[in-house]
Amino acid sequence: MAATVEDGGPVPKSGPAPDAMRRSVGVGAVVVIAASSTAATTSIGIGLGLMAGVVGLHLPAIMLLAFLPVLGIACGYGRLNRVEPDAGSSYRWVGRVLSPWLGFLTGWVNILTTIVFMAYTTTVTGSALVQLAAKAGLHALPGVELDPDSSVQCTLIGMVVLLAATVVAVRGLDLAAALQKYLLIFEYAVLVAFCGYGLIAGDQPFSLSWYDPFEIPSLSALAQGMVLAVFCYWGFESVFSVGEEVHDPKDATRGGLWSLVLMLGLFLFAGTAFQRVLPLDELADNGATGLAYFAERLAHQPLAALPLVALTCSAAASLQAAVIPTARGALAMGRDGTLGRAWTRLHPRHRTPSTATWLITGIALALATLSLVIPTVTQLISATVNAIGIVVALYYALVAIASAVRFRHLLREDLAEALKAVVAPLLGGTVLLLVGGYLAWTFYDSADHFELAADNGWFELSVPLLMIGSGVLAAAWSRWGRRSPYFTSGAPAAEADPA
């Protein structure tokens, strides 16, 4: 077996340490990583139908509304990354500025939510491949009839894709970004072509009310729609976990912001096109197969299969893009002793956190197996997205507050910079806390008993509570069991902005 070495921390500016990760990518690769992490094609292909079932024919409105707080939080991420690029990103920043306990919780739930995302995306990838097989005329294997909504079949197939994506991730960030670049070019070309044609050929009457958030049917629909939409933007912050591997830390900030603007354009474009082609009942009823259904309304085979190929590419790329920042977050926690030293081992040749990458993949595969208790892909997506959305709203808000606290001196020194580093993140974080809290309350209030079912409010609420509760227990073990210096000797963040 190949020998491993342990990571020695961030690369010093004077030159790379012999046991540090390589600075191997620039701003172009960073945009590719962020765009793959947000997985616009996957979000459009399976998420628009879910959101339509909540907010009706107001997909553009909810995507635009959710973009505003996320943009404010992205400003906070960018400013923090300018002064302290770190593989731990939010874990390190929140821990230094607010509290080591909150910092650990941020890092912990960040890892858990991504692992849950990988588990369900494994199933989505398998579902897309089964749908593609059906388009090619393969409807059954010996003794098994293929079903794109079967969690068992789709998960097993998707597991193979996840293992292949992990191998590429271990080989290096530059190789992963190069592969994802070509997948993105194909995905976006297909998506833009079909959605552009849908805008012209669709027979549903266009209405400006689609862009009016005040037309959303209820406050609970607005809250759940916001969480679902924020989930679609989730992943842009992955670029800040590779801040130690980019040529210039500012490239990570630029890449994160550019990818967000790109996602906004795609979501507005696709949401409008879907509503031009599909009436509400068809849009809401097709769930995990929404993009394939949309394509079949516009074209005949084999052209109608192209969006499904794009969805498969997007799901596979997002699996790879998810494991990259998660492994680096775990590496940063291992460096501080809050996780075991095994998480810090680098591949001797590729200089990537190979042990952490394989551990993350192994846990995601185990969780994907456990998720088989939810029988259909559509139900699995709904339950997972709601649970992750609440937790993402929480840790985004913590990072926003950390940015506002750390750079509060700018309110006295530079008002323009203060708007970006203090005011915008604080407003964005406050909105997400309110939305996430209201959605959690609606889940609690929607049921009077616990049931292991995707539509049971107490079950949906139990998932984020378990994530947060396990984080508190793990933090206690790190503090008193591992006696991590992260909790006792972390230097407070500097007041001044050295950038």
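**A guided look at the predicted fold**

Helices (H or I, at least four residues) and strands (E, at least two) are DSSP runs, numbered from the N terminus. The buried residues of helix 4 are Ser90, Tyr91, Arg92, Trp93, Val94, Gly95 and Val97.

The model is a predicted one, in which local features need pLDDT of at least 70 and side-chain atom pairs count only at pLDDT 80 or more, while totals for chains, interfaces and linings use all residues. Residues are numbered from 1 along each chain as its sequence is written, and side-chain values use heavy atoms, with hydrogens and water left out.

Confidence comes next. The predictor's confidence in each residue is given as pLDDT, from 0 to 100. The protein chain has a mean pLDDT of 82, with 87% of its residues at 70 or more. Within the chain, confidence is highest in helix 3 (residues 59-83), at a mean of 92, and lowest in strand 1 (residues 5-6), at 40. The pLDDT is below 50 over residues 1-19, a stretch that has 37 contacts in the model beyond near neighbours in sequence; contact means heavy atoms within 4.5 Å. Over residues 491-499 the pLDDT also stays under 50, and the model has 18 contacts there beyond four places in sequence. Where pLDDT is low, the predicted coordinates should not be read in detail.

Rings of Phe, Tyr and Trp (its six-membered ring) pair if their centres lie within 6.5 Å; planes under 30 degrees apart count as stacked, over 60 as edge-to-face and the rest as tilted. Phe67 and Tyr233 form a tilted pair, because their ring centres are 5.9 Å apart and their planes stand at 55°. This pair links distant parts of the chain, with Phe67 in helix 3 and Tyr233 in helix 8 (residues 219-233), 166 residues apart. Phe67 and Tyr233 are both buried. The rings of Trp93 and Phe240, with centres 6.4 Å apart and planes at 65°, are therefore edge-to-face. Trp93 belongs to helix 4 (residues 90-97) and Phe240 to the loop between helix 8 and helix 9 (249-277), so that pair spans 147 residues. Trp93 and Phe240 are both buried as well. Ring pairs also join Tyr91, Trp101, Phe104, Trp108, Trp480, Tyr486 and Phe487 into a cluster.

Arg79 lies over the face of Phe407, 5.5 Å from the ring centre; a charge sits over a ring if NZ of Lys or CZ of Arg is within 6 Å of the ring centre and within 35 degrees of the ring normal. Trp258, in helix 9, counts as exposed at 52% relative accessibility. Trp258 and Val31 are 227 residues apart in sequence, yet 6.9 Å apart in space, C-alpha to C-alpha.

Helix 12 (residues 306-335) has 30 residues and, at 1.5 Å a residue, should span 44 Å, in agreement with the 44 Å between its end C-alpha atoms; the expected span is 1.5 Å times one less than the number of residues. Helix 12 is mostly covered, with 27 of its 30 residues buried. Just after helix 12, Gly337 takes a positive phi of about 80°.

Notes. Buried < 20%, exposed > 50% of the residue type's maximum accessible area, 1.4 Å probe, protein only.
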